[in-house]
Amino acid sequence: MTITQEAAVQETITPDGRTIGGVLMEMRNITLRFGGVVAIEDITFDIRQGEIRAIIGPNGAGKSSMLNVINGFYHPQDGEVWYKGAIRGPMRPHQIAAQGIARTFQNIALFHGMSTLDNIMTGRLTHMKTGMLSQSVWFGSAQREETENRAFAERIVDFLEIQSIRKTPVGRLPYGLQKRVELGRALAAEPSLLLLDEPTNYLDLEGVVWLEAFLAKYRHTALVISHDRQLLNRSVTSILHLINCKFAYYTGSYDQFDAERRMKLEQQQSMAFKQEAQRKHIQSFVERFRYKASKARQAQSRLKQLEKM
(Lines give C-alpha, C1' and ligand atoms only; values in the text may rest on other atoms or scores of the structure.)
Protein backbone atom coordinates (compact mmCIF):
# COMPACT_ATOMS: atom_id res chain seq x y z
CA MET A 1 0.00 0.00 0.00
CA THR A 2 1.37 3.44 -0.94
CA ILE A 3 1.49 6.38 1.48
CA THR A 4 -1.40 7.96 -0.42
CA GLN A 5 -3.51 4.81 -0.24
CA GLU A 6 -2.74 4.33 3.44
CA ALA A 7 -3.69 7.93 4.24
CA ALA A 8 -6.91 7.60 2.27
CA VAL A 9 -8.31 4.86 4.51
CA GLN A 10 -7.63 6.70 7.78
CA GLU A 11 -10.49 8.62 9.38
CA THR A 12 -10.60 10.63 12.57
CA ILE A 13 -13.29 12.50 14.50
CA THR A 14 -12.47 15.91 16.00
CA PRO A 15 -13.80 16.97 19.44
CA ASP A 16 -16.51 19.09 17.76
CA GLY A 17 -17.75 16.10 15.74
CA ARG A 18 -16.05 16.90 12.42
CA THR A 19 -15.05 13.84 10.38
CA ILE A 20 -11.56 14.09 8.88
CA GLY A 21 -11.29 11.63 6.01
CA GLY A 22 -8.71 10.63 3.43
CA VAL A 23 -6.37 12.78 1.38
CA LEU A 24 -8.12 15.16 -1.02
CA MET A 25 -5.07 16.99 -2.39
CA GLU A 26 -1.31 16.50 -2.15
CA MET A 27 1.44 18.98 -2.87
CA ARG A 28 4.67 17.09 -3.54
CA ASN A 29 8.02 18.93 -3.43
CA ILE A 30 6.53 22.14 -4.82
CA THR A 31 8.91 24.94 -5.80
CA LEU A 32 7.64 28.20 -7.26
CA ARG A 33 9.94 30.90 -8.64
CA PHE A 34 9.37 34.34 -10.13
CA GLY A 35 12.49 34.99 -12.15
CA GLY A 36 15.33 34.65 -9.67
CA VAL A 37 13.06 34.99 -6.62
CA VAL A 38 12.02 31.77 -4.86
CA ALA A 39 8.50 32.16 -3.43
CA ILE A 40 8.15 28.63 -2.03
CA GLU A 41 10.73 25.85 -2.06
CA ASP A 42 10.38 22.07 -1.89
CA ILE A 43 7.01 22.17 -0.09
CA THR A 44 5.19 18.92 0.63
CA PHE A 45 1.86 18.59 2.45
CA ASP A 46 -1.62 17.16 1.98
CA ILE A 47 -5.17 18.41 2.55
CA ARG A 48 -7.62 15.93 4.03
CA GLN A 49 -11.34 15.69 3.43
CA GLY A 50 -13.46 17.52 6.00
CA GLU A 51 -10.76 19.56 7.68
CA ILE A 52 -10.51 23.33 8.07
CA ARG A 53 -6.82 24.01 7.64
CA ALA A 54 -5.11 27.37 8.02
CA ILE A 55 -2.01 28.66 6.29
CA ILE A 56 -0.25 31.26 8.45
CA GLY A 57 3.00 33.17 8.28
CA PRO A 58 4.42 36.67 7.93
CA ASN A 59 3.38 38.95 5.07
CA GLY A 60 5.29 38.13 1.91
CA ALA A 61 6.06 34.57 3.02
CA GLY A 62 4.24 33.05 0.02
CA LYS A 63 0.83 32.13 1.47
CA SER A 64 -1.23 33.56 -1.39
CA SER A 65 1.26 32.13 -3.90
CA MET A 66 0.62 28.69 -2.40
CA LEU A 67 -3.11 29.26 -2.71
CA ASN A 68 -2.60 30.22 -6.35
CA VAL A 69 -0.77 26.94 -6.94
CA ILE A 70 -3.62 25.01 -5.31
CA ASN A 71 -6.32 26.66 -7.44
CA GLY A 72 -4.23 26.33 -10.61
CA PHE A 73 -3.53 30.01 -11.22
CA TYR A 74 0.21 29.37 -10.85
CA HIS A 75 1.97 26.26 -12.10
CA PRO A 76 5.12 25.34 -10.12
CA GLN A 77 8.47 24.91 -11.84
CA ASP A 78 9.19 21.79 -9.76
CA GLY A 79 7.02 19.25 -7.97
CA GLU A 80 3.59 17.69 -8.49
CA VAL A 81 0.03 18.58 -7.55
CA TRP A 82 -2.23 15.57 -6.92
CA TYR A 83 -6.00 16.02 -6.61
CA LYS A 84 -8.47 13.25 -5.85
CA GLY A 85 -5.81 10.62 -6.53
CA ALA A 86 -4.67 11.92 -9.94
CA ILE A 87 -1.78 14.17 -10.94
CA ARG A 88 -2.85 17.60 -12.17
CA GLY A 89 -1.13 19.61 -14.87
CA PRO A 90 -1.70 23.21 -16.03
CA MET A 91 -5.42 23.99 -16.22
CA ARG A 92 -7.65 26.91 -17.14
CA PRO A 93 -9.87 28.56 -14.48
CA HIS A 94 -13.10 26.95 -15.74
CA GLN A 95 -11.44 23.52 -15.57
CA ILE A 96 -10.38 24.13 -11.97
CA ALA A 97 -13.94 25.21 -11.10
CA ALA A 98 -15.33 22.09 -12.77
CA GLN A 99 -13.01 19.99 -10.58
CA GLY A 100 -14.67 21.40 -7.48
CA ILE A 101 -12.22 24.08 -6.27
CA ALA A 102 -13.70 27.48 -5.39
CA ARG A 103 -12.09 30.56 -3.91
CA THR A 104 -12.73 33.93 -2.32
CA PHE A 105 -10.18 36.75 -2.61
CA GLN A 106 -8.67 39.46 -0.41
CA ASN A 107 -10.21 42.02 -2.76
CA ILE A 108 -13.86 41.32 -3.59
CA ALA A 109 -14.67 40.70 -7.26
CA LEU A 110 -18.46 40.75 -7.72
CA PHE A 111 -20.88 42.09 -10.33
CA HIS A 112 -21.97 45.26 -8.54
CA GLY A 113 -24.93 45.97 -10.80
CA MET A 114 -26.44 42.51 -10.24
CA SER A 115 -28.49 41.39 -7.27
CA THR A 116 -27.21 39.20 -4.46
CA LEU A 117 -29.11 36.19 -5.81
CA ASP A 118 -27.88 36.69 -9.38
CA ASN A 119 -24.27 36.97 -8.19
CA ILE A 120 -24.65 33.71 -6.31
CA MET A 121 -26.21 32.15 -9.41
CA THR A 122 -22.97 32.77 -11.35
CA GLY A 123 -21.40 30.13 -9.12
CA ARG A 124 -23.76 27.56 -10.68
CA LEU A 125 -22.43 28.02 -14.22
CA THR A 126 -20.27 24.90 -14.09
CA HIS A 127 -23.41 22.88 -13.27
CA MET A 128 -25.46 24.17 -16.22
CA LYS A 129 -25.48 21.73 -19.14
CA THR A 130 -28.00 23.16 -21.60
CA GLY A 131 -26.80 25.26 -24.55
CA MET A 132 -27.09 28.99 -25.06
CA LEU A 133 -29.95 28.63 -27.56
CA SER A 134 -32.07 26.55 -25.18
CA GLN A 135 -31.38 29.00 -22.37
CA SER A 136 -32.37 31.98 -24.52
CA VAL A 137 -35.84 30.56 -25.20
CA TRP A 138 -36.11 29.29 -21.60
CA PHE A 139 -38.06 26.14 -22.42
CA GLY A 140 -37.93 22.45 -21.58
CA SER A 141 -34.67 21.23 -20.06
CA ALA A 142 -33.25 24.76 -19.91
CA GLN A 143 -36.24 25.94 -17.88
CA ARG A 144 -35.98 22.98 -15.50
CA GLU A 145 -32.24 23.50 -15.10
CA GLU A 146 -32.66 27.20 -14.40
CA THR A 147 -35.38 26.50 -11.81
CA GLU A 148 -33.27 23.85 -10.04
CA ASN A 149 -30.16 26.02 -9.93
CA ARG A 150 -32.09 29.06 -8.69
CA ALA A 151 -33.62 26.92 -5.93
CA PHE A 152 -30.09 25.82 -4.96
CA ALA A 153 -28.96 29.46 -4.86
CA GLU A 154 -31.94 30.32 -2.66
CA ARG A 155 -30.88 27.61 -0.20
CA ILE A 156 -27.44 29.21 0.00
CA VAL A 157 -29.09 32.58 0.67
CA ASP A 158 -30.92 30.95 3.58
CA PHE A 159 -27.76 29.19 4.79
CA LEU A 160 -25.83 32.48 4.82
CA GLU A 161 -28.75 34.32 6.46
CA ILE A 162 -28.95 37.05 3.81
CA GLN A 163 -32.61 36.71 2.80
CA SER A 164 -33.25 40.42 3.33
CA ILE A 165 -30.74 41.42 0.62
CA ARG A 166 -31.44 38.71 -1.95
CA LYS A 167 -32.75 41.24 -4.52
CA THR A 168 -30.45 44.13 -3.57
CA PRO A 169 -27.76 45.16 -6.07
CA VAL A 170 -24.42 44.15 -4.58
CA GLY A 171 -22.92 47.58 -5.18
CA ARG A 172 -25.28 49.03 -2.55
CA LEU A 173 -24.21 46.60 0.18
CA PRO A 174 -21.66 47.28 2.95
CA TYR A 175 -18.35 45.46 2.69
CA GLY A 176 -19.21 42.76 5.24
CA LEU A 177 -22.35 41.71 3.36
CA GLN A 178 -20.47 41.75 0.06
CA LYS A 179 -18.04 39.25 1.61
CA ARG A 180 -20.99 36.98 2.41
CA VAL A 181 -22.23 37.24 -1.17
CA GLU A 182 -18.76 36.34 -2.47
CA LEU A 183 -18.71 33.35 -0.15
CA GLY A 184 -22.19 32.39 -1.36
CA ARG A 185 -20.99 32.43 -4.96
CA ALA A 186 -18.13 30.10 -4.04
CA LEU A 187 -20.49 27.75 -2.17
CA ALA A 188 -22.87 27.70 -5.15
CA ALA A 189 -20.22 25.78 -7.08
CA GLU A 190 -20.55 22.96 -4.48
CA PRO A 191 -16.78 22.85 -4.02
CA SER A 192 -14.87 19.86 -2.75
CA LEU A 193 -12.21 22.35 -1.64
CA LEU A 194 -13.05 25.91 -0.53
CA LEU A 195 -10.17 28.42 -0.46
CA LEU A 196 -10.57 31.53 1.72
CA ASP A 197 -7.94 34.25 1.36
CA GLU A 198 -7.96 36.62 4.37
CA PRO A 199 -11.75 36.29 4.86
CA THR A 200 -11.84 38.58 7.92
CA ASN A 201 -10.09 41.54 6.25
CA TYR A 202 -12.08 44.77 6.86
CA LEU A 203 -14.92 42.88 8.57
CA ASP A 204 -16.50 44.38 11.66
CA LEU A 205 -16.98 42.32 14.82
CA GLU A 206 -20.41 41.09 13.72
CA GLY A 207 -18.97 39.87 10.41
CA VAL A 208 -16.10 38.04 12.11
CA VAL A 209 -18.44 36.33 14.59
CA TRP A 210 -20.69 35.29 11.71
CA LEU A 211 -17.74 33.84 9.78
CA GLU A 212 -16.61 31.85 12.82
CA ALA A 213 -20.12 30.40 13.13
CA PHE A 214 -20.19 29.57 9.42
CA LEU A 215 -16.90 27.64 9.55
CA ALA A 216 -18.06 25.82 12.68
CA LYS A 217 -21.06 24.37 10.83
CA TYR A 218 -19.31 23.92 7.46
CA ARG A 219 -18.59 20.21 7.16
CA HIS A 220 -16.62 20.17 3.92
CA THR A 221 -12.95 20.92 3.26
CA ALA A 222 -11.59 24.46 3.51
CA LEU A 223 -8.17 26.06 3.41
CA VAL A 224 -7.95 29.47 5.11
CA ILE A 225 -5.29 32.18 5.00
CA SER A 226 -5.76 34.45 7.99
CA HIS A 227 -3.97 36.54 10.61
CA ASP A 228 -7.04 36.56 12.85
CA ARG A 229 -5.97 34.70 15.99
CA GLN A 230 -9.52 34.37 17.31
CA LEU A 231 -10.75 32.85 14.06
CA LEU A 232 -7.80 30.44 14.01
CA ASN A 233 -8.52 29.42 17.59
CA ARG A 234 -12.22 28.78 17.10
CA SER A 235 -12.49 27.46 13.56
CA VAL A 236 -9.50 25.46 12.28
CA THR A 237 -8.47 21.85 12.79
CA SER A 238 -4.82 22.16 11.71
CA ILE A 239 -2.24 24.77 10.77
CA LEU A 240 0.53 25.05 8.18
CA HIS A 241 3.14 27.59 9.27
CA LEU A 242 5.00 29.06 6.29
CA ILE A 243 8.32 30.73 7.03
CA ASN A 244 11.53 31.04 5.03
CA CYS A 245 9.87 29.30 2.05
CA LYS A 246 9.21 26.18 4.19
CA PHE A 247 6.11 24.70 5.86
CA ALA A 248 5.76 23.21 9.33
CA TYR A 249 2.58 21.25 10.18
CA TYR A 250 0.66 21.50 13.46
CA THR A 251 -2.65 19.99 14.56
CA GLY A 252 -5.21 21.94 16.54
CA SER A 253 -5.90 25.64 17.09
CA TYR A 254 -3.60 28.67 16.95
CA ASP A 255 -2.94 28.58 20.70
CA GLN A 256 -1.91 24.91 20.42
CA PHE A 257 0.34 25.79 17.48
CA ASP A 258 1.88 28.70 19.38
CA ALA A 259 2.59 26.58 22.48
CA GLU A 260 4.13 23.76 20.43
CA ARG A 261 6.22 26.15 18.33
CA ARG A 262 7.53 27.93 21.44
CA MET A 263 8.47 24.58 22.98
CA LYS A 264 10.34 23.56 19.81
CA LEU A 265 12.18 26.90 19.73
CA GLU A 266 13.19 26.50 23.38
CA GLN A 267 14.43 22.98 22.66
CA GLN A 268 16.41 24.21 19.65
CA GLN A 269 17.90 27.06 21.67
CA SER A 270 18.83 24.67 24.48
CA MET A 271 20.41 22.26 22.02
CA ALA A 272 22.31 25.10 20.35
CA PHE A 273 23.57 26.28 23.75
CA LYS A 274 24.77 22.79 24.66
CA GLN A 275 26.40 22.36 21.27
CA GLU A 276 28.19 25.68 21.60
CA ALA A 277 29.43 24.73 25.08
CA GLN A 278 30.67 21.40 23.73
CA ARG A 279 32.35 23.14 20.80
CA LYS A 280 34.20 25.52 23.13
CA HIS A 281 35.30 22.62 25.34
CA ILE A 282 36.67 20.68 22.36
CA GLN A 283 38.34 23.83 20.97
CA SER A 284 40.02 24.41 24.32
CA PHE A 285 41.30 20.81 24.41
CA VAL A 286 42.66 21.04 20.85
CA GLU A 287 44.44 24.36 21.48
CA ARG A 288 45.95 23.03 24.69
CA PHE A 289 47.21 19.65 23.52
CA ARG A 290 47.55 19.62 19.71
CA TYR A 291 51.32 20.22 19.88
CA LYS A 292 52.04 17.77 22.73
CA ALA A 293 53.20 14.39 21.44
CA SER A 294 51.37 12.41 24.13
CA LYS A 295 48.04 14.08 23.30
CA ALA A 296 48.46 14.84 19.60
CA ARG A 297 46.40 11.91 18.40
CA GLN A 298 43.51 12.78 20.73
CA ALA A 299 43.73 16.44 19.75
CA GLN A 300 43.63 15.53 16.05
CA SER A 301 40.55 13.36 16.67
CA ARG A 302 38.84 16.20 18.54
CA LEU A 303 39.73 18.59 15.74
CA LYS A 304 37.95 16.37 13.20
CA GLN A 305 34.94 16.20 15.55
CA LEU A 306 34.95 19.99 15.74
CA GLU A 307 34.98 20.31 11.96
CA LYS A 308 31.84 18.13 11.74
CA MET A 309 29.86 20.25 14.20
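**View 1. The second largest pocket of this predicted model, with a lining of 7 nonpolar, 5 polar and 2 charged residues.** Let's start with a pocket that has a volume of about 310 Å³. Among the 14 residues that line the second largest pocket, F152, L187, E190, Y218 and H220 are the closest to its centre. Helix α6 provides the largest share of this lining, with 4 residues.

**View 2. N149 in helix α6.** Staying with helix α6, which spans residues 141-159, we turn to N149. Is N149 buried or exposed? N149 is buried, because its relative accessible area is 5%, and buried means under 20%. Beyond its neighbours within four places in sequence, N149 is in contact with M121, R124, H127 and M128.

**View 3. The largest pocket.** This pocket holds about 720 Å³ of space. It is lined by 24 residues, and P93, A97, I101, R103 and F105 are the closest to its centre. Helix α3 (93-98), strand β8 and helix α7 (175-188) each supply at least two residues of the lining. Which of the elements gives the most to the lining of the largest pocket? That is α3, with 4 residues. Sorted by class, the lining of the largest pocket comprises 13 nonpolar, 7 polar and 4 charged residues.

**View 4. An open sheet of 6 strands.** Follow the strands in the order β8-β9-β10-β5-β11-β12, and you will find that the pairing is mixed. At the edges are β8 (101-104) and β12 (246-251), each of which pairs on one side only. From one strand to the next, the twist averages 20°. Within the sheet, β5 (residues 52-56) and β11 (residues 238-243) pair in the parallel sense over 4 bridges. Here I56 stands opposite H241 in β11.

**View 5. Helix α2 and the residue just after it.** Helix α2 (residues 63-70) is mostly covered, as 7 of its 8 residues are buried. The buried residues are K63, S65, M66, L67, N68, V69 and I70. Just after α2 comes G72, which takes a positive phi of about 85°.

**View 6. The largest cavity.** How many cavities of 30 Å³ or more does the count come to? The count is 1. About 50 Å³ of space lies in the largest cavity. You can trace its lining through V69, G72, Y74, H75, P76, V81, R88, G89, P90 and M91. By class, the lining of the largest cavity has 6 nonpolar, 3 polar and 1 charged residues.

Note on methods
Residues numbered from 1 in each chain as written. Predicted model: local features only at pLDDT ≥ 70, side-chain atom pairs only at ≥ 80, totals over all residues. Heavy atoms only, no water. 1 Å grid on protein atoms, 1.4 Å probe; cavity = no way out; pocket = protein on both sides within 12 Å on 5 of 7 lines; lining within 4 Å. Points joined across faces, edges and corners; volume = space filled by probe spheres on them. Nonpolar A, V, L, I, M, F, W, Y, C, P; charged D, E, K, R; others polar. Pairing = 2+ DSSP bridges. Axes fitted to C-alpha atoms, helices over the stretch in contact; angles between N-to-C directions. Buried < 20%, exposed > 50% of the residue type's maximum accessible area, 1.4 Å probe, protein only. Contact = heavy atoms within 4.5 Å.
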